[in-house]
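Thanks for coming. I have one structure to go through this morning, and I will keep to what can be read from the coordinates.

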Amino acid sequence: MYSLGGYGVKPPTPKSVAAKFLEQSANGQNSTKLDDPVTAGEAHTGWAVSAPNSACVTAWRHRLHELGASARTAAGAITESMNDYVGTDTSIAEALRKGADALEGA
């Protein structure tokens, strides 16, 4: 956790969550694989996999990868948006500090 300009402002929760998601996603990406249904079937004596079943598993695998990519894109967009908010908060905090310094010296 960090503090904005020493004012003790913690990063907003959406940014923290998005950063954690991106980290976990990067760590786990491609570490879990959806096996080819034919390979899985061959590992079990007497099992057979039909072409429609194989096509279904392949379609789901493709869709899950698309969803993962969409989630990573969304988390990146949330992080960028929150960076804008944090930048605005920092600017406001700096302006308030300058105003307070001016009043203290008056």
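Helix H3 has 54 residues and spans 79 Å from its first C-alpha to its last. That is close to the 80 Å expected at 1.5 Å a residue, where the expected span is 1.5 Å times one less than the number of residues. Helices here are DSSP runs of H or I with at least four residues, strands are runs of E with at least two, and both are numbered from the N terminus.

A note on the source: this is a predicted model, in which local features need pLDDT of at least 70 and side-chain atom pairs count only at pLDDT 80 or more, while totals for chains, interfaces and linings use all residues. Residues are numbered from 1 along each chain as its sequence is written, and side-chain values use heavy atoms, with hydrogens and water left out.

Now the overall layout. The protein has three helices and zero strands, so the pattern along the sequence is α-α-α. Of its 106 residues, 13% count as buried. Buried means under 20% relative accessible area, exposed means over 50%, and partly exposed is in between, with a 1.4 Å probe and protein chains only. The protein exposes about 7900 Å², and carbon and sulfur atoms supply 60% of that. These areas come from the Shrake-Rupley method with a 1.4 Å probe; for residues, only the protein chains shown count as cover.

As for contacts, meaning heavy atoms within 4.5 Å, take those between residues at least 6 apart in sequence: 62% of them join residues at least 24 apart.

Back to H3. Which of its residues are buried? They are Ser54, Gly68, Ala75, Thr79, Met82, Val86 and Ala93.

I will take Thr79 from that list. Thr79 sits in H3, which covers residues 51–104, and counts as buried because its relative accessibility is 18%. What does the side chain of Thr79 reach? It reaches the backbone oxygen of Ala75, at 2.9 Å. Leaving aside neighbours within four places in sequence, Thr79 contacts Lys15, Ala18, Ala19 and Leu22.

Glu23 lies in helix H1, residues 13–28. With a relative accessible area of 48%, Glu23 is partly exposed. Glu23 and Arg72 are 49 residues apart in sequence, and their C-alpha atoms are 9.9 Å apart in space.

Ser54, another of the buried residues of H3, has its C-alpha 5.6 Å from that of Pro37, 17 residues away along the chain. With neighbours within four places set aside, the contacts of Ser54 are Pro37, Val38 and Val49.

Next, the salt bridges. The rule asks for a side-chain nitrogen of Lys or Arg within 4 Å of a carboxyl oxygen of Asp or Glu. How many salt bridges does that give? The count comes to two.

One joins Arg63 and Glu66, at 3.1 Å from N to O. Both residues lie in H3, three residues apart, about one turn of the helix. Arg63 is partly exposed at 42% relative accessible area, and Glu66 is partly exposed at 33%.

Asp101 and Arg97 also meet in a salt bridge, at 3.0 Å from N to O. Because they are four residues apart in H3, about one helical turn separates them. Asp101 counts as partly exposed at 40% relative accessibility, and Arg97 does too, at 37%. As background, an α-helix has 3.6 residues a turn, so residues three or four places apart point the same way.

Last, the surface. Trp60, Leu64 and Leu67 make a nonpolar patch of about 320 Å². Patches are made of residues with over 30% relative accessible area and no salt bridge; like charges are joined within 9 Å, and nonpolar side chains (Val, Leu, Ile, Met, Phe, Trp, Tyr) within 5 Å. Is Trp60 buried or exposed? Trp60, which is found in H3, is exposed, with a relative accessible area of 54%.

Notes. Polar contact = N/O pair within 3.5 Å; in protein donor to acceptor, adjacent residues only side chain to side chain.
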